[in-house]
Amino acid sequence: MAAYASEATCSCGKKFPACPTCSDGWLVERAGRYSRFLGCVRYPKCSGKAKLPTDAASHGERSEGW
């Protein structure tokens, strides 16, 4: 699992990596045209994103907890 600057907590209590662009969102796993990535829950208002850890992205597996 990659180390992110901070974590955000959803209303359900789960912890997610905080969005690097905005202060209100957190990153969730999304499927893009070429690969999976972490994108902000506030999309399209926020376009914050990050790469998935290489082991989960290369094998098409979901990362645990995200």
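The model is a predicted one. By the rule applied here, which asks for a side-chain nitrogen of Lys or Arg within 4 Å of a carboxyl oxygen of Asp or Glu, the count comes to one salt bridge.

Keep the pair on display and colour by accessibility. Is Glu29 buried or exposed? Glu29 counts as buried because its relative accessibility is 11%, and buried means under 20%. Arg36 has 26% relative accessibility and therefore counts as partly exposed. The side chains of Glu29 and Arg36 also make a polar contact, at 2.7 Å. Side chains of opposite charge can pair when their charged atoms come close.

Glu29 is found in strand E3, residues 27–31. The protein has one helix and five strands, and along the sequence these follow the pattern β-β-β-β-β-α.

Now move to the loop between strand E4 (36–40) and strand E5 (49–50), where Pro44 is found. Select Tyr43 together with Pro44 and inspect the peptide bond that runs from the former to the latter: the bond is cis, with omega near 15°. Most peptide bonds are trans.

Which residues are in contact with Leu27, leaving aside its neighbours within four places in sequence? The contacts include Phe16, Pro17, Ala18, Cys19 and Pro20. Also in contact with Leu27 are Leu38, Gly39 and Cys40, together with Gly48, Lys49 and Ala50.

Finally, select the whole protein and switch to a surface. The protein exposes about 4,800 Å², of which carbon and sulfur atoms supply 49%. Of the 66 residues in the protein, 33% are buried. With contacts drawn as lines, consider those with a separation of 6 or more: residues 24 or more positions apart account for 26% of them.

Notes
Residues are numbered from 1 along each chain as its sequence is written. This is a predicted model: local features need pLDDT of at least 70, side-chain atom pairs count only at pLDDT 80 or more; totals for chains, interfaces and linings use all residues. Side-chain values use heavy atoms; hydrogens and water are left out. Buried means under 20% relative accessible area, exposed over 50%, partly exposed in between (1.4 Å probe, protein chains only). Helices (H or I, at least four residues) and strands (E, at least two) are DSSP runs, numbered from the N terminus. Contact means heavy atoms within 4.5 Å. Accessible areas come from the Shrake-Rupley method with a 1.4 Å probe; for residues, only the protein chains shown count as cover. A polar contact is a pair of N or O atoms within 3.5 Å; within protein, one must be able to donate a hydrogen and the other to accept it, and residues adjacent in sequence count only if both atoms are side-chain atoms.
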